[in-house]
Amino acid sequence: MSGLEVRKPRACVLGVAGTELNNWEKGFFREADPYGFILFARNVEDRNQVRALTTSLRETVGNSNVPIFVDQEGGRVMRLKPPHWRKIPAAGVFGELFDRNPEDAREAAYINARLMAMDLRDAGFNTTCAPVLDLRFPGMSDVVGDRSYGADVPKVVSLASAVAAGLLDGGIAPVIKHIPGHGRAAVDSHKDLPVVSASRAELSELDFAPFAQMKDVLAAMSAHLLFTAIDDQRPGTVSEKVINEVIRTEIGFENLLISDDLSMEALGGSIGSRTHACLRAGCDVALHCNGKRTEMEEVVAMAPLLTGAPLVRAQTFTNQIASFKADMPSSSQLTDWRLRLAELLSPVWQAEDTGK
């Protein structure tokens, strides 16, 4: 590798407005050279269209390994949906199965992740923002809800580990979320700032524990929550105390830290000020999802090129993407996986369609 120029992209991940790149986006992305891109349901029509869009993003920045993110968890959070892609159960389904038979649940979670990885790779993605490591606490907002595997730390870690392994074996890089824990949000952070008043001891014992046990995953997404026991002034994404004292030190997460979406209403101030604040606090990369031109211009204006430790962490994640093999499972293997998954899930969930 010595002698090769290391790419130094901008410390941001940007969204796209529609189902194909317009001329302004092509020029803007080429000039800005963001670390990566993220797509949403508004960007997805069918297999051929989304494959063409992801190809266009790579060509625009001239990088075949540029990270292209998507929130593909299952349940309520699916950007690739039926009828073009199979229906995927929510994390809570695997948690319910775990209560009946842990080994069956782990096997089902792994197979489901392998099948999901196949769909994502076929569509041109190389990473997904999953699995969710947040615990499910009673009485909290359903912004997490059945996106969580449950309220028990060992169960969550067991299932999330199986999912991460399945994604990696299928050539998709996982991004754990929402570090250091989103389960105590009493309001939806897309609309308001959740305030968590739990003690530091409670948070350490429960909320932070799954992330500490999966700290070797190469990327994580932050949580827009105000933890009063740690920093009663700034939400986690823009808090030096939360990032340095909790995420980097107590949890021990040393890999790529990506902010949650900066356009969410949990954060105050302009998009530019949010970008500056999250990077100053210790996030490596600022995430902006809605694809709005004026907001993306603000993000790019405030996001520097990656250097130093953030660049090393970003390059390590990109190297993982570059290392994936292009092998796809055979049709007979796919059939076996689908049948086995349906059998394992049958006590708790029935798919309306086995998928294409």
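**Notes on the predicted model**

1. Lys155 has a relative accessibility of 9%, and because buried means under 20%, this lysine counts as buried. The structure under discussion is a predicted model, and the remarks below should be read with that in mind. Lys155 is found in helix α5, which covers residues 153–169. Once its neighbours within four places in sequence are left aside, Lys155 is in contact with Gly95, Phe98, Asp99, Tyr149 and Gly150.

2. A contrasting case is Glu31, whose place is in helix α1. With a relative accessibility of 67%, Glu31 counts as exposed, since the term applies over 50%. Glu31 can also be set against Asn43: the two are 12 residues apart in sequence, and from C-alpha to C-alpha they lie 22 Å apart in space.

3. Helix α1, residues 23–32, belongs together with strands β1 and β2 to a β-α-β unit, and this unit is right-handed. Within it, β1 runs parallel to strand β2 (residues 34–39), the two being joined by three bridges. Arg10 is the residue that stands opposite Pro34 in β2.

4. Strand β1 also pairs with strand β11, residues 286–288, to which three bridges join it, again in a parallel arrangement. Here the bridge partner of Val13 is Leu287 in β11. How many of the five residues of strand β1 are buried? Five of the five residues in this strand, which spans residues 10–14, are buried, so β1 is largely enclosed by the rest of the structure.

5. An open sheet is formed by three strands in the order β6-β8-β10, with parallel pairing. The edges are taken by β6 (176–179) and β10 (256–258), and because each has a single partner strand, one side of each is left without a neighbour in the sheet. From one strand to the next, the twist averages 35°. The pairing of β6 with strand β8, residues 219–222, consists of three bridges between parallel strands, and in this pairing Ile176 stands opposite Ala220 in β8. As background for reading such a sheet, the side chains in a regular strand alternate between the two faces.

6. Two packed helices are described by the angle between their axes and the distance between the axes. For helix α2 (residues 47–61) and helix α4 (residues 102–123), the packing angle is about 65° and the axes are 8 Å apart. On the α2 side the contact involves Arg47, Val50, Arg51 and Thr54, which meet Asp119, Asp122 and Ala123 in α4.

7. Which cysteine sulfur is closest to that of Cys129, and how far away is it? The closest one is in Cys289, at 7.8 Å, which is too far for a bond; a disulfide would call for a pair of sulfur atoms within 2.5 Å. The structure as a whole holds zero disulfides.

Key. Residues are numbered from 1 along each chain as its sequence is written. This is a predicted model: local features need pLDDT of at least 70, side-chain atom pairs count only at pLDDT 80 or more; totals for chains, interfaces and linings use all residues. Side-chain values use heavy atoms; hydrogens and water are left out. Buried means under 20% relative accessible area, exposed over 50%, partly exposed in between (1.4 Å probe, protein chains only). Helices (H or I, at least four residues) and strands (E, at least two) are DSSP runs, numbered from the N terminus. Two strands pair if DSSP finds at least two bridges between them. A crossover is right-handed if, with the strands pointing away from the viewer, the path from the first strand over the helix to the second runs clockwise. Axes are lines fitted to C-alpha atoms, for helices over the stretch in contact, and angles run from 0 to 180 degrees between N-to-C directions. Contact means heavy atoms within 4.5 Å.
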